[in-house]
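Thanks for coming. Please have the sequence and the model open while I talk.

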Amino acid sequence: MPLVNVMVNGRAYTLGCDEGEEEHVKQLAAKVDAKVREALGMVGRNAADTKLMLMAALLLADEHDEISRKRGVKAAGDPEGERGPLHLQEDEAQEMAAEMLEAAARRIEDIADRLAAA
């Protein structure tokens with residue numbers, strides 16, 4: 001299992017990932033880092049890492065929810081009321097995005113648990 005070094009909130013983390021997923025994990029970590037920095041502005045610099053990670057996860061979940069709702073509106077506005085092949089691909093992409101978000105949330109929870117135990 002390859003290891004990837006990432007930075008979140010100025011701290012280095014080493015994570016395991018599947019072969020060939022190294023760059024993707026780095027990109028996801030950069031998004032999480034951006035959300036943690038956004039959360040810093042909401043909860044303050046003295047907030048615990050666990051709270052920052054939770055806020056970052058909530059911000060990401062909110063973005064995902066907003067995208068899902070927007071896509072749902074488009075599908076409901078289909079004049080024929082039918083779901084074509086492109087909509088099926090969209091469903092698959094949404095499922096994949098949801099799975100990736102859940103995996104990222106699990107990783108964040110693992111990191112938070114390790115930080116809390118340290």
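First, the ground rules. This is a predicted model, where local features need pLDDT of at least 70 and side-chain atom pairs count only at pLDDT 80 or more, while totals for chains, interfaces and linings use all residues. Residues are numbered from 1 along each chain as its sequence is written, and side-chain values use heavy atoms, with hydrogens and water left out.

Now the fold. The chain has three helices and two strands, and from the N terminus their order is β-β-α-α-α. Those elements are DSSP runs numbered from the N terminus, with helices being H or I of at least four residues and strands being E of at least two. Of the 118 residues, 25% count as buried. Buried means under 20% relative accessible area, exposed means over 50%, and partly exposed is in between, with a 1.4 Å probe and protein chains only. As for contacts, meaning heavy atoms within 4.5 Å, residues 24 or more positions apart account for 45% of those with a separation of 6 or more.

Take helix H1 next. H1 has 22 residues and reaches 31 Å from its first C-alpha to its last, close to the 32 Å expected at 1.5 Å a residue. The expected span is 1.5 Å times one less than the number of residues. Which residues of H1 are buried? They are Val-25, Ala-29, Val-32, Asp-33, Lys-35, Val-36, Ala-39 and Leu-40. As background, an α-helix has 3.6 residues a turn, so residues three or four places apart point the same way. Just after H1, Gly-44 takes a positive phi of about 95°.

On to the core. A nonpolar core here is a set of buried Ala, Val, Leu, Ile, Met, Phe, Trp, Tyr and Cys residues joined through side-chain atoms within 4.5 Å. The largest one holds 21 residues, and those touching the most other members are Val-6, Val-8, Tyr-13, Val-32, Val-36, Leu-52 and Met-53. S1, S2, H1, H2 and H3 each give two or more residues to this core. Not counting residues up to four places away in sequence, Met-53 touches Val-8, Tyr-13, Val-36, Ile-108 and Ile-111.

Next, the empty space. Rolling a probe the size of a water molecule over the atoms shows where such space is left. The search uses a 1 Å grid over the protein atoms alone: a cavity is a set of points where a 1.4 Å probe fits but cannot get out, a pocket is an open set with protein on both sides within 12 Å along at least five of seven lines, and lining residues have an atom within 4 Å of a point. Grid points are joined across faces, edges and corners, and a volume is the space filled by probe spheres set on the points.

How many cavities of 30 Å³ or more are there? The count is two. The largest cavity has about 160 Å³ of space, and its lining includes Val-6, Leu-28, Met-53 and Arg-107. By class, that lining has eleven nonpolar residues, no polar ones and one charged. Nonpolar covers Ala, Val, Leu, Ile, Met, Phe, Trp, Tyr, Cys and Pro; charged covers Asp, Glu, Lys and Arg; the others, Gly among them, are polar.

The second largest cavity has about 30 Å³. Among the residues lining the second largest cavity are Asn-9, Arg-11, Asp-49 and Met-53. H2 supplies the largest share of that lining, three residues.

The largest pocket has about 420 Å³ of space. Its lining has 17 residues, and the closest to its centre are Lys-31, Leu-60, His-64, Ala-97 and Leu-101. Helix H1 (22-43), helix H2 (49-76) and helix H3 (85-117) each give two or more residues to the lining of this pocket.

Last, three single residues. Asp-49 is found in helix H2. Is Asp-49 buried or exposed? Asp-49 is buried, because its relative accessible area is 18%. Leaving aside neighbours within four places in sequence, Asp-49 is in contact with Asn-9, Arg-11 and Leu-115.

Asn-9 is found in the loop between S1 and strand S2 (11-16). With a relative accessible area of 23%, Asn-9 is partly exposed. Phi of Asn-9 is near 55°, a positive value in a residue other than glycine. Most residues other than glycine have a negative phi.

Met-7 lies in strand S1 (residues 3-8) and is partly exposed, at 48%. Leaving aside neighbours within four places in sequence, Met-7 is in contact with Ala-12, Ala-29 and Asp-33.
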